[in-house]
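This report describes one protein chain for a reader who is new to structures. Please look at the sequence and the model first, then read on.

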Amino acid sequence: MRISDVLKSKGATVATIAPDTAVADLLEGLVGRNIGAMVVVGPDGPVGIVSERDVVRKLHELGADLLQRPVADIMTKHLVYCSPGDSVDSLSAAMTHNRVRHIPVLDGGRLAGIVSIGDVVKTRMQELESQQEQLQAYITQG
């Protein structure tokens with residue numbers, strides 16, 4: 001299965017935030033949308049990603065003053081991304097290797113979606129259910 005298939009079922013909407021937005025506003029957006037990460041977008045496109053984990057780590061380090069700082073201070077600047085043509089298997093490997101839970105999808109440099117570890121698990125579950133149904137049908141027709 002390809003990333004484009006995952007995006008067809010989940011949608012291509014991506015929550016984004018500007019690098020100069022305060023961390024307090026980021027948290028409001030994460031909670032309000034019930035999501036775990038946002039792609040940080042500058043004038044020329046994606047420049048990073050910021051997740052709940054980034055906030056927790058920096059909050060522990062810097063304390064409550066963090067809430068007034070810009071997202072750019074805590075975002076992950078090394079952006080791991082995939083393309084719509086990549087396989088879910090390669091995405092799973094990239095998530096494991098890079099220890100990330102959210103990977104933006106870029107298509108020709110343009111933000112085309114985001115895939116989370118939850119999306120990967122859901123896809124795997126659907127594939128397993130389909131295989132089980134096919135095996136059941138094969139056995140009963142046998």
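## Overall fold

The chain has 5 helices and 5 strands, where helices (H or I, at least four residues) and strands (E, at least two) are DSSP runs, numbered from the N terminus. In sequence order they follow the pattern α-β-α-β-β-α-α-β-β-α. This is a predicted model, in which local features need pLDDT of at least 70 and side-chain atom pairs count only at pLDDT 80 or more, while totals for chains, interfaces and linings use all residues. Residues are numbered from 1 along each chain as its sequence is written, and side-chain values use heavy atoms, with hydrogens and water left out.

Taken along the principal axes, the C-alpha atoms of the chain fill a box of roughly 65 × 30 × 25 Å. Of the 142 residues in the chain, 36% are buried; buried means under 20% relative accessible area, exposed means over 50%, and partly exposed is in between, computed with a 1.4 Å probe on protein chains only. Among contacts between residues at least 6 apart in sequence, 56% join residues at least 24 apart, a contact being heavy atoms within 4.5 Å.

## The three-stranded sheet

Three strands form an open sheet in the order β1-β2-β3, with mixed pairing. Two strands pair if DSSP finds at least two bridges between them. The edge strands, β1 (16-17) and β3 (45-51), each pair on one side only. Strand β2 (residues 37-42) pairs with β3 in the antiparallel sense over 6 bridges, and V40 has G48 in β3 as its bridge partner.

Helix α2 (residues 23-33) lies across β1, β2 and β3 and runs at about 130 degrees to β2. For such angles, axes are lines fitted to C-alpha atoms, for helices over the stretch in contact, and the angle runs from 0 to 180 degrees between N-to-C directions.

β4 (102-107) and β5 (residues 110-116) form a hairpin with 2 residues between them. The two strands run antiparallel and are joined by 6 bridges, and P104 stands opposite I114 in β5. In the turn, G108 has a positive phi of about 65 degrees.

Strand β5 is mostly covered, with 6 of its 7 residues buried. S116 in this strand counts as buried because its relative accessible area is 17%. Beyond its neighbours within four places in sequence, S116 is in contact with M95, R101 and H102.

M95 belongs to helix α4 (residues 88-98) and counts as buried because its relative accessibility is 3%. Leaving aside neighbours within four places in sequence, M95 is in contact with V100, R101, H102, I103, V115, S116, I117 and V120. From M95 to A137 the separation is 42 residues in sequence and 34 Å in space, C-alpha to C-alpha.

## Two loop residues with positive phi

Most residues other than glycine have a negative phi. N34, in the loop between α2 and β2, has a positive phi near 55 degrees. R99, in the loop between α4 and β4, has a positive phi of about 55 degrees. N34 counts as exposed because its relative accessibility is 71%, and R99 counts as exposed because its relative accessibility is 66%.

## Pockets

On a 1 Å grid over the protein atoms alone, a cavity is a set of points where a 1.4 Å probe fits but cannot get out, and a pocket is an open set with protein on both sides within 12 Å along at least five of seven lines; lining residues have an atom within 4 Å of a point. Grid points are joined across faces, edges and corners, and a volume is the space filled by probe spheres set on the points.

| Pocket | Volume | Lining by class |
|---|---|---|
| Largest pocket | about 320 Å³ | 6 nonpolar, 5 polar and 6 charged residues |
| Second largest pocket | about 260 Å³ | 5 nonpolar, 5 polar and 2 charged residues |

In these classes, Ala, Val, Leu, Ile, Met, Phe, Trp, Tyr, Cys and Pro count as nonpolar, Asp, Glu, Lys and Arg as charged, and the others, Gly among them, as polar.

The largest pocket is lined by 17 residues, of which S51, R53, R99, V100 and R101 are the closest to its centre. Helix α3 (52-62) is one of the elements that give two or more residues to this lining, and α3 gives the most, with 4 residues. The lining of the second largest pocket includes N34, H102, I114 and S116.
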